[in-house]
Structures are given as C-alpha cells and as structure tokens.
Amino acid sequence: MSKPDVVVIGAGQAGLSVSHELSAAGAEHVVLERGRVGETWRGRWDTFCLVTPNWTVRLPGGAYAGDDPDGFMPRDAIVTHLESYARSFNAPVRERVAVTALHPIDNGFVVSTSEGELRAKTVVATTGAYQKAHRPAAAASLPRGLYTVDAESYRNAAALPPGKVLVVGSGQTGCQIAEELFEAGRDVFLACGRAPWITRRLGGRDLLAWLFETPFFEQALRDLPSPQARLAANPQATGHGGGRDLHYRTLQRLGVHLVGHFIGADSTRLQFADDLAESVAFGDARYADICLLIRRTCESRGMAPPDLPPPPSAFNAAATESVDLAGFGAVIFTSGFRPDYRSWIHADDAFDDLGFPITQDGRSTVVPGLYFCGVHFLRKRKSSLLMGVGEDAAIVARSIAGAAAVTTA
Ligand SMILES: Cc1cc2nc3c(=O)[nH]c(=O)nc-3n(C[C@H](O)[C@H](O)[C@H](O)COP(=O)(O)OP(=O)(O)OC[C@H]3O[C@@H](n4cnc5c(N)ncnc54)[C@H](O)[C@@H]3O)c2cc1C
C-alpha cells in the first residue's frame, strides 16, 4: 500500500463528503472502505426509504438534483446517489479494505488493514453514525430457540420464521418495521419506549420543511439536557407512501399491539413494564415542544404558524404486561445503537463515557492528527444526517489542510 498523508476510514456519506472537501483543498488522501461505497445503506431492509425528503440531501458537490425533491429515496437509489457522488470527483476509494486497528504513534498512526499495514500522519474516522446495535439487558432472558435479529440484519417479513413478532424499540425504525410486518399479515407486538412524534404535514408543508426553519437541527450537544440525551430517539415518522404519520396512535389504529418496555421472558411468557401510558405522555410532551418551537420561530419571523392541534385523545393506554410466548416466531431489536470506536482505535482516553469521541469540531482534543466526521451530534443534531454532514466535513478538511500547511511552512 502507498503512504498517503491522510487516511479516511469509511465510504458512506461522511467519508465521501470529507474526501470531496480534502480533494477541493488539494490534500492527498485515500478512503478505505471495508465493503463498497454506501455499504451501510446497502444493508438496510428491502423496503427501506429515507425519512427525510430528498431535498435534504445536501452533500458538498452532491446535493440531490433529481425530479422528486419532496420524495423519499428508497435504499438502492441512495446507494446509486452515493456511487455517482464518489465518481463525480474521482474519490480515491479503496473498496473491500477493512481497517482492523488504529495505533497512534509519534507523529502519526499505524493503520492495520485487511491488506496489510500503512502509516499515515492524519486519520479521519467516518465509520458510521450508528455503529453497534444495542439490545436491552432483557434480551438475554429470551429462550435460546427463539429467532432474534437486530434491525440492521432484518430484510423483510418473508425472511422471518412464521408466527407472531415482537418488535422491541419504537423509534422510526421500530415503527416502520412493525407497520410493514402487520401489513404482511403478522400479529405484531411493539414494545414501546420514549420517542417523540410529530405530524408529517403541517399547513401543507412537510415537517422537515418546518423543522428546517427552526433551530432544531442546529442544536449542539451542550443544548441537550444530558449527554445521554444524545442517544434519544428521533421523531417517529415515515417516508413511505410519499411521507405520512406513523406513531403510537396510527399503529394502534392499524391493529399493532402496543405494550410497555420489554423487561424479560421466562420459558412460557414475555413480560412488559406497566409504562405504555408514560411513554405516550413523553412522546406527546415532545410533540408539544416541537410545536412550540415551530410557533415561536414563526412568530419571530412574522410568519403565520401552521395549525398545530393538540395530540388526538383517542389512545387506549391499557396494555397487557404479560403475553404467552407460544406462537411467537421472531423478536426484532430496534433499540438503538452505541459507538464502537474503542474496539479498534487504541486510544481509550479519546472517548467519553458513552464511547463518543471527544473532539473540537471533529478534531480529537486527545490524539493529535485524529479526526471524526458523521458522528451523531458531533457538532450539531444534523451532523450525522445527509443535510448536515457536509458542513462538518468542510470544517474537518479545512483543519487538516491548515495543519498540513503549518507543518510544511
Ligand atoms: C435506520 C436508519 C435510517 C436513517 N434514515 C435517515 C434519513 O432518512 N435521512 C438522513 O439524513 N439520515 C438518516 N439516517 C442517519 C444517517 O444518514 C445514516 O446512518 C448514514 O448511514 C450515516 O452515514 P455515515 O457515512 O456517517 O455512516 P455509514 O453510512 O455507516 O458509513 C460508514 C462506512 O464505514 C465503513 N466502515 C466501518 N468500519 C470500517 C472499518 N473498520 N474499515 C473500513 N470501513 C469501515 C462502513 O462499511 C460504511 O460504509 C438513518 C440512520 C438509520 C440507522
């Protein structure tokens, strides 16, 4: 392998955006990707589509330019978009090269890969906003014979063993998979947690258009009530059917059985907490927060706010706390993700208690020459999204190019 100055690890939207900005700055680099460009998107379930409209795809030099800006690209179209983005500036991607370890050394790094070792002065980890699927501790109590799968390995209803399905986790992914399974004729139980929701269309505009007007996506980590709030679910919604509401009330109306947090299983029964009403109340409170944010933003700009009705009262919060395991064919975990840097980056201090990198605008404040991009809330809420990663990529690339200029001078 050659000895590039800069190694970018991962060719998703974050790695490609950093590569685009490094190329623009004339910084020599290589992007190492363990799979193919857009590998994470390729692995999402068969009917996957964006929750954010196409117009929110604002990669630097790779904004969405198709004829359906208000649509929601399906999985394969997202991959095609990323592939043509990479081609558009000849991104120096080396596919099927996995980085297995990163060791900081004097004035650089040893990068261990599936193709051997290389040295680099600077490394940018763009290995994913959502890295390691998280399962609640109660998962360990499920009988060994019962089929379990994380959302990232779920493909479609037909690929699951027959029978009822328990979906654990009620963020965007859990709600979408529960709906899809129900529509495929499955009897579905959704173990619900605390997630915000919002009406998809307000005053004739998509909710993203409204949120975009507000400081919602500009919020920084310090604006959150606690570091743990970084792990909170995104507002429940779907891009399916051209974008529509999908939350506890729509799912209950459909016929999905809503239950409280999954707390464990014995050989015959699944157990759930008596907290469905609390979780729904939490979601309604966040709905009210978002409505208030939209209303205040409109007021400050002299705009007429859209109609923001209170949550519909129709909801039956009386949920069963115990269900017979007989007849269940599968359990799907959609209970979030955790960072996974410590397993391969040998710089323990570079990460906080939750495993997120400690950075200033993406530059590690602990390990010189180490950068991150695409991390959830790296700088702002939008940092990991197609709408926001470009801003961070430009800052990271400028910092790298600036540091190189200082070293050369
Ligand atoms: C279910 C789901 C739905 C989402 N929907 C939306 C949406 O509608 N709109 C939106 O804007 N965002 C959405 N996101 C958020 C975000 O856009 C995606 O998570 C996106 O994939 C993040 O891009 P990334 O480049 O940061 O990470 P990834 O896409 O995960 O890319 C990381 C790349 O690094 C590679 N890699 C990892 N480790 C190594 C290694 N050791 N060596 C070499 N290569 C490595 C991976 O193979 C991968 O290609 C969604 C996220 C999830 C989980």
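The legends below describe close-up views of a ligand site and a helix pair in a predicted model.

Local features need pLDDT of at least 70, side-chain atom pairs count only at pLDDT 80 or more, and totals for chains, interfaces and linings use all residues. Residues are numbered from 1 along each chain as its sequence is written, and side-chain values use heavy atoms, with hydrogens and water left out.

**View 1. The shell around the ligand.** There are 30 residues around the ligand, each with a heavy atom within 4 Å of it. Glu-33, Thr-40, Val-51, Thr-52 and Val-99 come nearest. By class, the shell has 15 nonpolar, 11 polar and 4 charged residues; Asp, Glu, Lys and Arg count as charged, Ala, Val, Leu, Ile, Met, Phe, Trp, Tyr, Cys and Pro as nonpolar, and the others, Gly among them, as polar.

View 2. A side-chain N or O atom of Thr-52 lies 2.7 Å from a ligand nitrogen, and a polar backbone atom of Val-99 is 2.9 Å from a nitrogen atom of the ligand. A polar side-chain atom of Arg-44 is 3.3 Å from a ligand oxygen.

**View 3. Helices α1 and α3.** Helices are DSSP runs (H or I, at least four residues) numbered from the N terminus. α1 and α3 (residues 75–88) pack at about 20 degrees, with axes 10 Å apart. α1 is therefore roughly parallel to α3, a term for angles under 35 degrees.

Note on methods: A polar contact is a pair of N or O atoms within 3.5 Å; within protein, one must be able to donate a hydrogen and the other to accept it, and residues adjacent in sequence count only if both atoms are side-chain atoms. Axes are lines fitted to C-alpha atoms, for helices over the stretch in contact, and angles run from 0 to 180 degrees between N-to-C directions. Helices (H or I, at least four residues) and strands (E, at least two) are DSSP runs, numbered from the N terminus. Angles under 35 degrees count as roughly parallel, over 145 as roughly antiparallel, 65 to 115 as roughly perpendicular and the rest as oblique.
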